Amino acid sequence: MNQALESLLDLLDLERIEQDIFRGLSRSAVVPRVFGGQVAAQALVAAGRTVPADRTAHSLHAYFLRPGDPGAPIVYTVDRIRDGRSFTTRRVVAVQHGQPIFHLSASFQTYEEGLDHQTAMPPAPAPETLPTAAEMLPRYADHFLEPGVVDRLIEARAAVDLRYVDAPPFGSVGTPREPRSQVWFRTNGKLADDPLLHVCLATYVSDMTLLDSVLLAHGRGGWAVGDVVGASLDHAMWFHRPFRADEWLLYDQESPSSSGGRGLGQARIYTQDGQLAVTVIQEGVIRVPR
C-alpha cells in the first residue's frame, strides 16, 4: 500500500466525538475547496458506523450545499431515521463553521436472495494496456492554465490508479465528441475485507470524472483549462452487487442532457469479470465564463 492510500484511509477513519457525531479532516484538493467525493465518502462512513455489520449500503442520495473549507474540520451528525427488519435508513449532515455544507441519506439492507438480471458490460480495453495518470497527464501540460496543475492532479489521484480509455476532456478541447467516457480504477494497494470501506472508496472515486461526458459533448476542457466553471450539485448511487475497490472496476459514464447551466452525468460501474456493481447519477453546475 502506498503512502497516498494510507493517507486516504486515515482521512476516512473518522473520529467519534459523540454516539452519533463524528469529525473528519480534509486533504489538499486540486481546487480551493473540499473535494466532493471526500465529503460523500466520509458521510457514508459516519452513517455506516451506526448500522449493524450485517447490513450493507445499497443506496445513497446526497446534495452538495456549500463549498467546503479544506482548512477546517467537518462535523458529521447522524440521524437514525429507521431500523426495520430488513432495511436501515440514516441521514447525515456535514457542518463547517456552523453551516451545513452537505446532506446525505443512505439505506442499508440485510442480504437477501431475489430476482437477478443486469445490463451487459460494454466493451473496453484491458486496464493494463492503458497509461497511468503519471504517464498520461504530462502530455497535456500545455493545455492547462497553470504549470502546476499536472503535479496537483497526479498528487490528488496518487491513492487511486485511474486510467482513461480515451482522451480526457482536456485532451480534446474544441472538438465535441460523443458524450461518453470510460475509465478503469482501483486503489493503489490492497484493502481490508470491510464491505463498507470498499463502498466508501468507490463513492470517493465516483466524483472524480462523472461530469467529463458533459464536457466532451461541447468540446470543453474543464476548470483546469479555464473554459468552464462548475461544481457538483447532487449525487446518487445504488450498490447492486459486492465488489472490491482494490480490484479493477470499469466506470462507464455518459451524459444524456445539459441545459440551464447544469449538466447531468449517469454511469455504471462494472467489475472486471462483467458484474454490474454500482449505478451512479450526478448533476452539476457547468457554466461558461463570460
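# A chat about salt bridges, rings and a pocket

Visitor: Hi! How many salt bridges does the structure hold?
Guide: Hello! This is a predicted model, and the structure holds 12 salt bridges.

Visitor: Nice. Which residue does Arg49 form a salt bridge with?
Guide: Its partner is Asp13, and the closest N and O atoms of the two are 2.8 Å apart.

Visitor: And where do Arg49 and Asp13 lie?
Guide: Arg49 lies in the loop between α2 (36-48) and β3, while Asp13 lies in the loop between α1 (3-12) and β1 (15-18), so this pair ties together parts that are 36 residues apart in sequence.

Visitor: What does Arg49 count as: buried, partly exposed or exposed?
Guide: Arg49 counts as partly exposed, because its relative accessibility is 32%, and that class runs between 20% and 50%.

Visitor: Good to know. New topic: how many aromatic pairs are there?
Guide: The structure holds 5 aromatic pairs. One of them joins Phe35 and Tyr204.

Visitor: Why is the pair of Phe35 and Tyr204 called edge-to-face?
Guide: The planes of the two rings stand at 80°, so the pair is edge-to-face, and the ring centres are 5.1 Å apart. The label needs planes over 60 degrees apart.

Visitor: Where do those two sit in the chain?
Guide: Phe35 is in the loop between β2 (21-24) and α2, and Tyr204 is in helix α5, so far along that the two are 169 residues apart. Tyr204 is buried, with a relative accessible area of 3%.

Visitor: What about the rings of Tyr140 and Phe170?
Guide: Their centres are 5.7 Å apart and their planes are at 70°, so this pair is edge-to-face. Tyr140 lies in the loop between α3 (133-136) and α4 (149-156) and Phe170 in the loop between β7 (160-164) and β8, so the pair ties together parts 30 residues apart in sequence.

Visitor: Are they buried or exposed?
Guide: Tyr140 is buried, with a relative accessible area of 13%, and Phe170 is buried too, at 9%. Ring pairs also link Tyr140 and Phe170 with Phe144 into a cluster.

Visitor: Last one, pockets! What volume does the second largest pocket have?
Guide: Its volume is about 900 Å³. The pocket is lined by 24 residues, and those nearest its centre are Tyr111, Phe239, His240, Arg241 and Pro242.

Visitor: How does its lining divide up?
Guide: There are 9 nonpolar, 8 polar and 7 charged residues in the lining. Strands β3 (55-64) and β6 (99-110) and helix α5 (195-209) each supply at least two of the lining residues.

Key. Residues are numbered from 1 along each chain as its sequence is written. This is a predicted model: local features need pLDDT of at least 70, side-chain atom pairs count only at pLDDT 80 or more; totals for chains, interfaces and linings use all residues. Side-chain values use heavy atoms; hydrogens and water are left out. On a 1 Å grid over the protein atoms alone, a cavity is a set of points where a 1.4 Å probe fits but cannot get out, and a pocket is an open set with protein on both sides within 12 Å along at least five of seven lines; lining residues have an atom within 4 Å of a point. Grid points are joined across faces, edges and corners, and a volume is the space filled by probe spheres set on the points. Helices (H or I, at least four residues) and strands (E, at least two) are DSSP runs, numbered from the N terminus. Ala, Val, Leu, Ile, Met, Phe, Trp, Tyr, Cys and Pro count as nonpolar, Asp, Glu, Lys and Arg as charged, and the others, Gly among them, as polar. A salt bridge is a side-chain nitrogen of Lys or Arg within 4 Å of a carboxyl oxygen of Asp or Glu. Buried means under 20% relative accessible area, exposed over 50%, partly exposed in between (1.4 Å probe, protein chains only). Rings of Phe, Tyr and Trp (its six-membered ring) pair if their centres lie within 6.5 Å; planes under 30 degrees apart count as stacked, over 60 as edge-to-face and the rest as tilted.
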